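Subject: Structure for you to look at

Hello,

I am handing over the structure we spoke of. Please open it alongside this email.

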Amino acid sequence: MPAKSSTIVTALTAAALVAVGVLGYQASASAPDTLHEARKDSHHAPENHQDRHDKKDRAPAPAPVPAASGTGQRIVYSLGAKRVWLVDAKGTALRTFPVTPSTVSPSPGSYAVGSRSVSVTGSDGIAIEHVVRFTAVNGVTVGFSAAVDGSRPAPDAGNAGKKTGGIRESREDGKAMWDFALHGTKVVVVS
C-alpha cells in the first residue's frame, strides 16, 4: 500500500504543476506588455496600449521644403527657420536639418556653390570641416560648415562683434551637405 500512496501523491503533484503551468501561461498571454500602477485619484479611462506605441513610434513630420525656393536640385537655406533642405531634381527633400546662422547672412536669392574645403580653421578660430561656400557679403565669405569638435555656438558667442560667415551644422549633416553640394550646386536662400 505504501507504494500505491506514493504514486498517488506523485500523480497529484504532477497534475498540480501542470495546472499551475497552464494558469501561468494563460495569465501571461492575457497580460499587457507593460504594466503600470493606476493612480488612485485617476478617473480617466486607461490609455489604449496600441495608442501609446503608435505615439511613441511616430517621428515628427519633416519640415516641408519652402514653396518659394524654386525647382530642381538645390540646397535651400531658410534664414527665419534656421534650417537647410537638400532637395533632389524631382523636388523631394532628401534631408533637412537645423543650422546655427553666422553673424553675416546672405540676402534671399539664388547662388551656387563656388568653393569647398575638406578642413580649415574658421574665421572664429574653430577647426571646421566639410566647408561649402556659396557667396560673400561685404567681404565676408558665407558657407556651410561643421565644427570638428561638434560645437555650434551662437553667432555672436566669443566673437566680440567679429563678422563671420560660417553657417554651422552638425558633423553628420555637414557630411551629407559635403556629399550633396558639388561645385556649382544651386543654393537658394529664403526669408
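This is a predicted model: local features need pLDDT of at least 70, side-chain atom pairs count only at pLDDT 80 or more; totals for chains, interfaces and linings use all residues.

The overall fold

The protein is built from three helices and nine strands. Along the sequence, their order is α-α-β-β-β-β-β-β-β-β-α-β. The chain has 191 residues, and 28% of them count as buried. Among contacts with a separation of 6 or more, 54% are between residues 24 or more positions apart.

The aromatic side chains

How many aromatic pairs does a search of the whole structure find? The search gives three. One of the aromatic pairs joins Tyr77 and Phe144 in an edge-to-face arrangement, with the ring centres 5.8 Å apart and 85° between the planes. Tyr77 belongs to strand E1 (residues 74–78) and Phe144 to strand E7 (residues 140–147), so this pair ties together parts that are 67 residues apart in sequence. Both Tyr77 and Phe144 are buried. These two residues also belong to one aromatic cluster, together with Tyr111 and Phe134.

A charge over a ring

Elsewhere on the list is a contact of another kind, between an arginine and a tryptophan. Arg116 lies over the face of Trp178, and its distance from the ring centre is 3.6 Å.

Regards

How values were computed. Residues are numbered from 1 along each chain as its sequence is written. Side-chain values use heavy atoms; hydrogens and water are left out. Helices (H or I, at least four residues) and strands (E, at least two) are DSSP runs, numbered from the N terminus. Buried means under 20% relative accessible area, exposed over 50%, partly exposed in between (1.4 Å probe, protein chains only). Contact means heavy atoms within 4.5 Å. Rings of Phe, Tyr and Trp (its six-membered ring) pair if their centres lie within 6.5 Å; planes under 30 degrees apart count as stacked, over 60 as edge-to-face and the rest as tilted. A charge sits over a ring if NZ of Lys or CZ of Arg is within 6 Å of the ring centre and within 35 degrees of the ring normal.
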